[in-house]
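Take a walk through this structure, one packing arrangement at a time. Keep the 3D view open and follow along.

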Amino acid sequence: MKIKRRNFVKGLGAVGALGVFAAGSASTLKAVSKGWWAGEKPVDLLAGNALPPECSVDPETGEVIANPDQYVANGLCTACTSLCGIRARVDRKTNQVLRVSGNPYHPLSTAPALDYDVRISDSFKAMSGFKGQGLEQRSVACSRGNAALDMLADPKRVLTPLKRVGSRGAGQWEPISYEQLLNEVVEGGNLFGEGQVDGLRAIRDTKTPIDPNAPELGPRSNQLAMINGFKNGRLSFAKRFGVLSFGSKNFTGHRGNCGLTMRGGYAALLGDWKKYPHLKPDYSNCEYYLSIGTAPGNAGNPFKRQAMLLAEARSTGKMKYVIVDPVQSNSNSLASGTRSEWLPITPGTDGALVMGMIRWIIENGRYNEQFLSQPNAAAAKQAGELSWSNATHLVVTDSSSPLDGTILRADALGIGSAESMVVIDQASGQPVAQDRANGPARLFYAETIKVKDQQIAVKTALQVLFDEARKQTLAEYSEACGVPVKTIVRLAQEFTSYGRRAVADTHGGTMQSNGFYTAYSIVMLNALVGNLNWKGGMSSGGGRYADVKPGPRYNMVKFPGKVGGKGVTISRQDFPYEKTSEYKRKKKTGNPYPADGPWFPLAAGLQPEFVLGGLNSYPYPLKAVMFWNTNPVYGQSGLSNQLDKLRDPKRIPLLICIDSFVSETAAECDYIVPDTSLYEYFASTTPWSGTLTKISTVGWPAVDAPQQTTPAGDPISMESFLIDVAKRMDLPGFGDKAIPDADGKLWPLNRPQDWYLRLFANIAFDGKPVPDANDEDMNLTGLDRFAPRLAEVLKPEEQRKVAYVMSHGGRFESEKESYQADGLTHKYKAPMQIYNETLAHHRNSMTGERFHGTARWIPPVFLNGDKLSDTYPAAKWPFKLVSSKSQFMNSGTISAKRLRDLKPSNELAMHADDARRLGVKSGDRLRLVTASGEAVGVVSVRDGIMPGVIGIEHGFGHWRFGADAMSFGQQKLTPDSAYSAGVAINRLGLTDSSRPGVSTLADFVLGANARNGLPARVEKV
Amino acid sequence: MDPNRRHFLELFVPTKAQAGSLQSQSRSPHYAMLIDLRRCVGCQACTIACGMENRLPEGQHRTTVADYELMAFGQTRRAVLPRLCNHCEQPSCTAGCPTGATYKREDGVVVVDSSMCVGCAYCVQNCPYDARFMNEQTRTADKCTFCIQRTSNGLLPACVESCVGKARIFGDLNDPDSMISKYLRDNPVQVLKSDKGTRPQVYYISLDGALQNTLGEEATSLIQGRRSIGKRG
Amino acid sequence: MSNHALQEAAAVSELAAAIYLKAPSAELINELKSVFTDPEEFSEEPLNLLLEEYHELFFNPVSTHFICPFESFAREQRYWGEAAIDVREYYRQAEFDPQSLRSEVYWKNQRMPDQIGFEMAFFSALLKSAEAQADAADELLKTARMFHTEHINSWMGEYGARLQREARTSLYRLLGTLTCEVAEISLEEG
């Protein structure tokens, strides 16, 4: 029926009561195309779309009936550096990970952990509601551990090898075949139409020096640098290729961009600059926990275990904790009442707070005198001590003596050997050789002593520390850090009131340009109360089972033709400037300082300097860099504004990145090689201290990775790529005859499983071999699917034992072994260093000044010693930016969509007084400006932040990963603004113009990247 | 829908798994939860675990942890408040349901039968705790079920299983030896909005007055997390 | 189809939508009076009676006079039915937001897209868009036809007839008539 003859159009005014459209809004609609679903019925009427459970446990009998459609694989989570053992629930049919929770046997996920000999089906029962067992023994995953599995299915994941189209960083990629990738990377050629590029074959030369005038730098193989991420259980494999086989010394993890200052502080305290041990508290028994620059339960390592034990200790236990941090986090929980305290502080000044405490503690005799006075291990043991220190050892403090700064050796006085130090025996008052002393020695001594007819000034190490602490008054320390004097005194008093059950710990908050000394002073507090190796005190961890070693079944580090790295790393770490040809050359003609670039003889894992050395071609040029599992373009503060040298193909001609995603770093490279991700790879690792018993955590492919496979049938990954490169180049240690067993017979390394299953065999047979896995263990964990691969690689007697290790997600010493009487079972043996001689021996290569050998307060400085505050006076730069940690998001998890849903963006956290002064409120936009760049963010007004500080959570503000427009051949990916939300604080990082070339601000002793305390100003938007 | 999945679910209906227990126990369990706020670290593992176990649409949550900054005795503190459906003894939601789709079971769990729910959302509006929401995918009223698909199989709810601080305790109030019964005997506990007469079965230890009745809506500032369960944005 | 016919169809749909979406007011009545001059079709009645009827017809579910104005309810006896999902997808693709309409706040506060006034407004907007965008006109008209078949003609005829029968006031009897007319709009060529 046609419309009635009314003439509505004439009669109606569009804007009156009879109109419903706002002006113009009716004419802009778009056409609609149909063809999509119409609704989804829920799976279950009451439970909705919930997953079917993995098993059923009879509430009366405890009988376990497993769901045949699923299996539960115990493995490894690498969504953060905690490296927790997890259990991944997998759908058998779709081969998808459905859920992740904790591995019941793993101390990082469960407290108390299940005994290792418990069968898998009993572990299901232990996690269930049966007799409430699962409440006590629950094994958990954090929000990130739960959500990370969504990253596996991210549509932006790299699934084929990619080669850049156009210039570096342009975002255009061409998918290429695996064969083409191998060919180009190994053989080189005019790969990009920009001229000849040397491939790996041409670069590998383990004999010819790079610079004949500086042979100490090493051979040309060093011109390949492998820059990697953290010790996620696969690093040793990459090292086999890069160092032992290819022969480059340039191999690093991420530490210098992460927490190297903390590590350095502990390395100094524990006297080991090679292995870099560190300490963590025995949380369960600790009664006073001073946490500076890290907040347990907020982030930190190991996050879950710290949080779980903190929760226990502050509710039913005895712990009181103080968090010293510019930003208040959830650790200062209201419900914890007086157990928890937050102390705000000016960034970069924690060293002043702690040196003030140290001064007060020593002045008031609150240190543990018995502990500190023991001159050697035997005397300590006799006194009932579990550790000892060099507090009593005499340090030469005489600038007129060539021995200045060293610890006096007994042979200099003719009273002992060259390996023994000198102490003043308390009983006799005479100098004795420390290793021959049988009683306590004097703690304070500042006299002269005769050495070869010369009177030289000496002090005990503790005296040196005390005199250093006394250089400033408490009032001066207080002014430097913003903490009132009476609070400094109260903290010092409290800290020394719990005997051995007080600990002081630190971590990434110290990543500032004075971070090493800050960390050394914080950890020094532990020495003053003598808590090392005690219950409730500090622990160096429980160690791991023999894996990448000459192990009981296979020698994983020896093979015919093995080379090793020689010379000097591109980062100039672990090698003193004074030994270089450059130094010798300059010394002949005058002052050898400053060096042409900074040298860091005490550093390890100095990732930022790997990058900077390559960009500056100092001390030699690089020809190729392989990045794996790391993202320094995002993670190194101050780097991202200086990418022009990275993008110049003449500077470093070949850049390869092995990664599952097109990260900020991958985006700048020539080739991207796909990698396996969580739950898809093999791994063998251990917690970073934080546990008291021996732990080896293993990961194995619980699901198949989605990317292209190699001809051997494995997904393209770091391991398979390096194996195939090595085989193509006929490198030693790969191929058919690569891994020797205990009898010397050589076994193949052609596929990743060849390496890892043999590693697992070492773990399984270390000491007393583990039991055999039975069929049920294997079915429940999905190893039945995996069994043929065990048979392909392992000897018959090894297969079921390796399966046991894999079914349990590793091998774990019983937690009953944690303590022996009042001490820890796993003890750190070497003495604590109140004064570190190696530290004092080395010099700042930019000034020639020797480093001070004990803890000291020094404000943030440039490499040449100039203060940051002189270049950035507070009047012009009134704010300091700090990088804080989210409990959920971190630098690598922006692709986890449920984490983004929980926390889509970060904010600029600012104190209410500052906000009032600026006239801003929460939700307002604000521009931050540092000397290097600007960023606009959204304000969040708080009381819980130090005035003058702006806190920015790390992990947001990406500009790659999918935030940008990329193309993979014909496939164009539209930018997703969800990835770029928020501010990336590292983009505002500083440079250091006291050094030549490209620079990022760093700690002057270790070269650790300085990302906190950035002087800034703000502008309203 | 995958027929095999349906099959497993049918195997594991409540009556079968509890068959043994029904014979020996004279009465049904009474499920409840206790949250010890001294232990909650605000990590949101529960929020995510619940969403993944129950396959909820993005942005919709059956439990969440609100996160506040407050002043207490002149000092700034952070406070966290995990919340979920309280499975009240006197639910405001079930009374207003026009079809009877939502009801409280003998074991204490308040459920929604999605075949009977017409999606009018009265229950969502009636809940004083903002614990319910309209599920965008199933288009029925939705809320915490105490993971009924897990508890009916002798397992624990996902949020309890994944609680890093071991703050969430779940169990049977009719069993005097259960952990929750012991906690309730040994500790003073609070419930949310105790003046509404709903008699919630989610108990808290160390629940601050600032959060108890206003759900923190007047707290100084909301740092992160969700103010109410299930609502977007 | 001629431009004039398009405009007529858009106008009558918008008119009916307005009466559904806005509570009766003096302004509304006056404007209607100037359009509907025949007292058989529309005669003014006391405002309070009109308001009462508006609420009873469209808001009060326990009233016997209630005729639920949502398509899902009319066709599937439930809210948020298949119809609602389908309509929501239409709006999403077309970039039509019921929130932007000038209507009573309480219609906007509820999220269901298949409210009769919204659907009529959408249809009207599609037609106006076809008129305004020459290059997309064919596609937009196709969309309008599809929507009309699936979501207007499928239920509004019956709804309008019932409204005509049960309304107590002439305003809402008129609305019933207009509803039937909208339901029977033909967008065929020629």
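At what angle do helix H1 (residues 3-21) and helix H10 (residues 170-183) of chain C pack? The angle is about 140°, and the two axes lie 10 Å apart. A word of context before going on: this is a predicted model.

An angle over 145 degrees would count as roughly antiparallel. The crossing of H1(C) and H10(C) is left-handed. On the H1(C) side, the contact uses Val12(C), Ser13(C), Leu15(C), Ala16(C) and Ile19(C). On the H10(C) side, it uses Leu175(C), Leu178(C), Thr179(C), Glu181(C) and Val182(C). Sorted by class, the residues of this contact are 7 nonpolar, 2 polar and 1 charged.

Now turn to chain A for another helix pair. Helix H7 (residues 235-245) and helix H21 (residues 718-728) of chain A have axes that come within 9 Å. Their crossing angle is roughly 25°. Angles under 35 degrees count as roughly parallel, and that makes H7(A) roughly parallel to H21(A). This crossing is left-handed. H7(A) brings Phe237(A), Ala238(A), Phe241(A) and Ser245(A) to the contact. H21(A) answers with Met718(A), Glu719(A), Leu722(A) and Ala726(A). By class, the contact of H7(A) with H21(A) has 6 nonpolar, 1 polar and 1 charged residues.

Next come the sheets of chain A. Strands of a sheet pair through backbone hydrogen bonds, either parallel or antiparallel. Begin with the parallel case. In chain A, 4 strands make an open sheet with parallel pairing, in the order E15-E14-E13-E21. Strand E15 (340-343) and strand E21 (502-506) of chain A are the edge strands, each pairing on one side only. On average, neighbouring strands of this sheet are turned by 15° against each other, direction ignored.

Look at one pairing inside this sheet. Strand E13 (residues 288-292) of chain A pairs with E21(A) in the parallel sense, over 5 bridges. Within that pairing, Leu290(A) stands opposite Ala504(A) in E21(A). A helix also packs on the sheet: helix H16 (residues 515-529) of chain A, which touches E13 and E21 of chain A. The direction of H16(A) makes about 165° with that of E21(A).

The antiparallel case is a sheet of 3 strands. This open sheet of chain A has the order E3-E4-E5, and its pairing is antiparallel. Why do strand E3 (70-76) and strand E5 (96-102) of chain A each have one side without a neighbour in the sheet? They stand at the edges with a single partner strand each, so one side of each is left without a neighbour. Here neighbouring strands are turned by 30° against each other on average, direction ignored. Strand E4 (residues 85-91) of chain A is joined to E5(A) by 6 bridges, and the two run antiparallel. Ala88(A) has Val100(A) as its bridge partner in E5(A).

Now pick out a single loop residue of chain A. Gln430(A) lies in the loop between strand E17 (422-424) and strand E18 (431-433) of chain A. Is Gln430(A) buried or exposed? Gln430(A) has 9 of them, so it is exposed. Leaving aside residues up to four places away in sequence, Gln430(A) touches Ile424(A) and Asp425(A). Tyr634(A) is 204 residues from Gln430(A) along the chain, and their C-alpha atoms are separated by 58 Å.

Last, chain B and its interface. Chain B has 10 helices and 10 strands. Of its 233 residues, 57% are buried. Among the contacts in chain B with a separation of 6 or more, 62% come from residues 24 or more positions apart.

How many residues of chain B are in contact with chain A? There are 73, and they meet 65 residues of chain A. Elements that give two or more residues to this side of chain B include helix H1 (3-11), strand E2 (63-72), strand E3 (75-84) and strand E10 (221-224) of chain B. The largest share, 7 residues, comes from H4(B). By class, the side of chain B that touches chain A has 26 nonpolar, 29 polar and 18 charged residues.

Conventions. Residues are numbered from 1 along each chain as its sequence is written. Chains are lettered from A and ligands numbered from 1 in the order in which they are written. This is a predicted model: local features need pLDDT of at least 70, side-chain atom pairs count only at pLDDT 80 or more; totals for chains, interfaces and linings use all residues. Two strands pair if DSSP finds at least two bridges between them. Axes are lines fitted to C-alpha atoms, for helices over the stretch in contact, and angles run from 0 to 180 degrees between N-to-C directions. Two residues are in contact if their C-beta atoms, placed from the backbone, lie within 7 Å. A residue is buried if 20 or more other C-beta atoms lie within 10 Å of its own, exposed if 12 or fewer, and partly exposed in between; C-beta atoms are placed from the backbone. Ala, Val, Leu, Ile, Met, Phe, Trp, Tyr, Cys and Pro count as nonpolar, Asp, Glu, Lys and Arg as charged, and the others, Gly among them, as polar. Angles under 35 degrees count as roughly parallel, over 145 as roughly antiparallel, 65 to 115 as roughly perpendicular and the rest as oblique. A crossing is left-handed if the near helix is turned anticlockwise from the far one by less than a right angle, and right-handed if clockwise.
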